[in-house]
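Please have the sequence and the coordinates open while I talk.

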Amino acid sequence: MIEVQNLSKCFQNGNECIWAIKNVSFHVNRGEIFGIIGLSGAGKSTLIRCLNRLEEPTQGKIIIDGVDITALDKRELRAKRKDIGMIFQHFNLLSQKTTYENIALPLELAGLGKKEINSRVNELLEYVGLRDKRNAYPSQLSGGQKQRVAIARALANNPKILLSDEATSALDPKTTKSILELLNRIRNELGLTIVMITHQIEVVKDICDRVAIMENGEIVEINTVEELFRRPKSKTAKAFISSLKSDVQEEFVIPEEFNGRVVRLSFWGDNAKKPIVSHMIKKFNIDVNILSGNISQLMSTSAGYLIVELVGEDGEIQAAIDYLKSQDVDVEVM
Amino acid sequence: MLELIIPSLLQTVYMVFFSTVFSLLLGFPMGVLLVITEKGGIWEKPTLYRILDGIINVLRSFPFLILMVLLFPLSRLIVGKTIGTTATIVPLSVAAAPFVARVIETSLKEVDKGVIEFGQSIGATVPQIIFKILIPEAMPSLIMGVTLTIVNLIGYSAMAGAIGGGGLGDLAIRYGLYRFQTDVMVVSVVVIVILVQGVQFLGNKLASRINKK
């Protein structure tokens, strides 16, 4: 669907060239929610803005649906942009227009008639759940409602791709969840391909299928979200994931305080739902003391870990650990 | 007194009304052009911007009365004469146009860059962005700008009176200053003050009424 090849972007600063994006390549599959995560200044915002050429790439190609958009002239680009909706961190709604007028604007610009506009806007208002806010101005809406208007507006021309530029960064966690649910619904029901940039690992965890990790203008890792949480390759990815883990205060378990062997078990997918630990206790002559644990729901699967103390004879403990490994559980002796 | 004040007041209103209209017609497009052609604008044309910017600065540097005198030939060309209320509208409009351009430019620049970017993201053309996004978003501020222009033109028109333009300024000078009829001068000035207050009040009211921000 989207193929980015060797993309670079330099910002001219006098005679100096500051590379915001350095030779980045990736592809996004149709119907996928593709995340790009990075700290601020990593170049992710510039990257997503290159995808619809709000920012002109310096080098490289961006092929969307077989068309190299870096080669389009202005008129062709404008036509192509109607296929690519975009939502923004600060919503970018027109402050002087009502919800209805904001959503109607892209349709009006596309030259639709009053009747068609009316029925399409009503449909969209219904879809994002804002029928009763039809005549409200943005200043009368909450952040989440504003983003819903912006999403409806981005969907107005039936785009195939939705670009999300930190769309949940200005929202509280609960509203973020509801906006992410809406985006996921859009992907599932309307078949849109979504590219989203974010600095929030929670967003990636909740909604993305695959994710690219950006640092200093480069993509340092591209991974499925499952694999990222299971075996992060890059340092940056590890840092993001540990920032998420620190929420559950895992570090409070100090292995030296226990007599038995303290291990950290990571479960994945179906594993997280099976009674593996219970089987282990029945099978081997050991006691299990649960010290800490958590299961998080990722987009397509669940991931969990458990820190336990295994008490018993060494041989039995080793056999139990081998059993866990045979069940595809990652075991880490702490 | 009234028979002196009323015709002069009407002359002033006539002058100010038409010179506002014409200076907007001249200055508004210039203001829009300044905003869209500047670096980072939606129709970046740095050379055009620099030329326009330069012309406006030069015109704005002229003392108003001198500019008016310099523009008399233009009045003769358009209206056929250089003296009188109608003839004064020409130099008033031209002289106020660069001011209007700056006022419009300032208003349009206040529009959040994000909404312009949104317009570009949905494939809007430059005219669509100007008329459907930029101007509607700037409307309350534009109304304040037009109010400022009218108030300024009331002042300018009073000065224009001194060089044969008619109106309240002319009345104040001819009767008040030259004939020592202080009462006429005071009344003229009071009427001008009321006019300015009224315009400013209405402008403020209208701007805050339509502003949904």
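Let me begin with a question: which residues in helix 8 of chain B are buried? Before I answer, the conventions: this is a predicted model, in which local features need pLDDT of at least 70, side-chain atom pairs count only at pLDDT 80 or more, and totals for chains, interfaces and linings use all residues. Residues are numbered from 1 along each chain as its sequence is written, while chains are lettered from A and ligands numbered from 1 in the order in which they are written.

The answer is that B:Leu168, B:Gly169, B:Asp170, B:Leu171, B:Ala172 and B:Tyr175 are buried in helix 8, which runs over residues 168–178 of chain B. By buried I mean that 20 or more other C-beta atoms lie within 10 Å of the residue's own, whereas exposed means 12 or fewer and partly exposed is in between, with C-beta atoms placed from the backbone. Helices here are DSSP runs of H or I with at least four residues, strands are runs of E with at least two, and both are numbered from the N terminus. The cover over those buried residues includes helix 1 (2–37), helix 7 (126–165) and helix 9 (182–210) of chain B. Just after helix 8 of chain B, B:Phe180 takes a positive phi of about 55°.

Staying with chain B, there are nine helices and zero strands, and of its 213 residues, 43% count as buried. Its C-alpha trace spans about 65 × 40 × 25 Å along the principal axes. UniProt, in an unreviewed entry, places the feature "transmembrane region" at residues 12–36, 48–72, 78–101, 142–164 and 184–203 of chain B; UniProt positions are given in the numbering used here, feature names are shortened, and annotations may be inferred rather than shown by experiment. Over residues 184–203 of chain B the model is 100% helix and 0% strand, with the end C-alpha atoms 28 Å apart, whereas residues 78–101 of chain B are 75% helix and 0% strand, with their end C-alpha atoms 22 Å apart.

How confident is the predictor in chain B? The mean pLDDT of chain B is 93, and 100% of its residues reach 70 or more, pLDDT being the predictor's confidence in each residue from 0 to 100. For the model as a whole, the scores are ipTM 0.91 and pTM 0.84.

Turning to chain A, its secondary structure comes to eleven helices and 14 strands, and 39% of its 334 residues count as buried. Chain A is divided into domain 1 (2–244) and domain 2 (249–333), with bounds that come from an automatic or database domain assignment. The centres of these two domains of chain A, taken over C-alpha atoms, are separated by 39 Å. UniProt, again in an unreviewed entry, lists residues 2–241 of chain A for "domain: ABC transporter", and that span is 38% helix and 28% strand.

Two backbone details in chain A deserve a look. A:Arg53, in the loop between helix 1 (44–51) and strand 4 (59–64) of chain A, has a phi near 60°, and A:Arg53 is partly exposed because 19 other C-beta atoms lie within 10 Å. A:Asn158, in the loop between helix 5 (143–155) and strand 7 (161–165) of chain A, has a phi near 50°, and A:Asn158 counts as exposed because there are 11 C-beta neighbours inside 10 Å. As background, most residues other than glycine have a negative phi.

Finally, how do the chains meet? In the model, 18 residues of chain B are in contact with 20 residues of chain A, contact meaning that the C-beta atoms of two residues, placed from the backbone, lie within 7 Å. Helix 6 (113–121) and helix 7 of chain B each supply at least two residues of the side of chain B that touches chain A.
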